Amino acid sequence: MRERFSSHLPAASLVISIFALVLSTTGLADAARHALVAAIDGHAITTRPRPNALLVLGKNGKFPASAIPTVRSAKNASTVDGLNVDALSACPPTSADLGTWCLETSPYPLTNQEIGQNNYFWASQACVERGGFLPTAAQLIGAAKRVKLESTIHDNQDTATVNLDPSVGLKDQREMSATLVTTAAGSDAAGSEGVSIGATGNPRTGEPNPVPIPAVPEPATLQYVTVYSNGAKGGFAGSEPVSQPENFRCAYNKVPGANKTENG
């Protein structure tokens, strides 16, 4: 029996070879090959990028052109992620382009109802609502040659914002920055959330109940640094408590979709 079976092996091999030759000449081999390698360990084989698939390299051992996304030049591009070229690269219309960021060219326009509310908290939140942030003292001083900062009544009107309206009084002006300083030592100089009435200690450790302490969210000892144009050189103009109102302007990062106009 074993000898009879062995004698048929060459014949079987010949039949398989002939069958493979027929398949290769009829195009069925290609279909069979695709069927066999359509999935490896559950991952499809593809010449185009697909999730959880295996990408076939080209004959040159590199990714095929179909797998590399094409990016049109800015000259011909229409939109990217729903934003046009101007929206991607330009600053808000009321601001100056300072490279990687933007700064408003004039102080925040307060309404009559808003005058007196523009302390550090209000200004910070107003800038965030516009899609920006309150700039630091370093940023404002760094932009003094590019943007008209608030200044004294004797400064150059071509390079600074100068208040020369006698009907409201001739006043030197300065503006708020995000930079903070404390005028006293100790952590309490930066404010305190206090201890709420009803707060208790940990009974598992025998911790006693804490004594209630009023919160101090707007300490007079925590102040923001103010700056002025100083002949477009930039200058420090002292500090004010965070609860005090002051002129300010907003800055923006040049990130797609981050900047909003007043109507945006």
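**Close-up views of a predicted model**

**View A. The loop between β11 and β12 holds A232.** A232 is buried, and its relative accessible area is 13%. The model shown here, as in every view below, is predicted. A232 has a positive phi of about 65°, yet it is not a glycine. Most residues other than glycine have a negative phi. The value of 13% falls under the 20% cut-off, so A232 counts as buried.

**View B. N230 sits in the loop between β11 (222-228) and β12.** Like the residue in the previous view, N230 is not a glycine and has a positive phi, here about 55°. Is N230 buried or partly exposed? N230 is partly exposed: its relative accessible area is 25%. That value lies between the 20% and 50% cut-offs, so N230 belongs in the middle class.

**View C. A disulfide joins C91 and C102.** The two sulfur atoms are 2.0 Å apart. The link is left-handed, with -75° about the S-S bond. C91 lies in the loop between α4 (85-89) and β6 (95-97), while C102 is in strand β7 (residues 101-104). The two cysteines are 11 residues apart, and the pair links distant parts of the chain. Both C91 and C102 are buried. A search of the whole structure finds 2 disulfides. The next view shows C127 and C250.

**View D. A disulfide connects C127 with C250.** The S to S distance is 2.1 Å. About the S-S bond the angle is -85°, and the link is left-handed. Which parts of the chain does this pair link? C127 is in helix α5 (residues 120-129), and C250 is in the loop between β12 (235-241) and β13 (251-253). They are 123 residues apart. C127 is buried, and C250 is buried too. With the bonded cysteines of the chain numbered in sequence order, the pairing reads 1-2, 3-4. A disulfide is a covalent bond between the sulfur atoms of two cysteines.

**View E. Three strands make an open sheet in the order β6-β7-β13.** The pairing is antiparallel. β6 and β13 are the edge strands, and each pairs on one side only. On average, neighbouring strands of this sheet are turned by 25° against each other, direction ignored. β6 and β7 pair in the antiparallel sense over 3 bridges. Which residue stands opposite C102 of β7? D97 does. C102 also forms the disulfide with C91.

**View F. Y108, W122 and F248 form one aromatic cluster.** The whole structure has 5 aromatic pairs according to the search. Y108 and W122 form an edge-to-face pair, 5.7 Å centre to centre and with 90° between the planes. Y108 lies in the loop between β7 and α5 and W122 in helix α5, so this pair ties together parts that are 14 residues apart in sequence. Y108 counts as buried at 17% relative accessibility. How do the rings of Y108 and F248 pair, stacked or edge-to-face? They are stacked, with 4.8 Å centre to centre and 20° between the planes. F248 lies in the loop between β12 and β13, so the pair with Y108 ties together parts that are 140 residues apart in sequence. F248 is buried, with a relative accessible area of 1%. The loop between β12 and β13 also holds C250, shown in View D.

**View G. V162 lies in the loop between β9 (160-161) and β10 (175-182).** V162 counts as buried at 14% relative accessibility. What does V162 touch, leaving aside its neighbours within four places in sequence? It is in contact with T152, I153, D155, N156 and Q157. K148 and V162 are 14 residues apart in sequence, and their C-alpha atoms are 9.0 Å apart in space.

Key. Residues are numbered from 1 along each chain as its sequence is written. This is a predicted model: local features need pLDDT of at least 70, side-chain atom pairs count only at pLDDT 80 or more; totals for chains, interfaces and linings use all residues. Side-chain values use heavy atoms; hydrogens and water are left out. A disulfide is a pair of cysteine sulfur atoms within 2.5 Å. Helices (H or I, at least four residues) and strands (E, at least two) are DSSP runs, numbered from the N terminus. Buried means under 20% relative accessible area, exposed over 50%, partly exposed in between (1.4 Å probe, protein chains only). Two strands pair if DSSP finds at least two bridges between them. Axes are lines fitted to C-alpha atoms, for helices over the stretch in contact, and angles run from 0 to 180 degrees between N-to-C directions. Contact means heavy atoms within 4.5 Å. Rings of Phe, Tyr and Trp (its six-membered ring) pair if their centres lie within 6.5 Å; planes under 30 degrees apart count as stacked, over 60 as edge-to-face and the rest as tilted.
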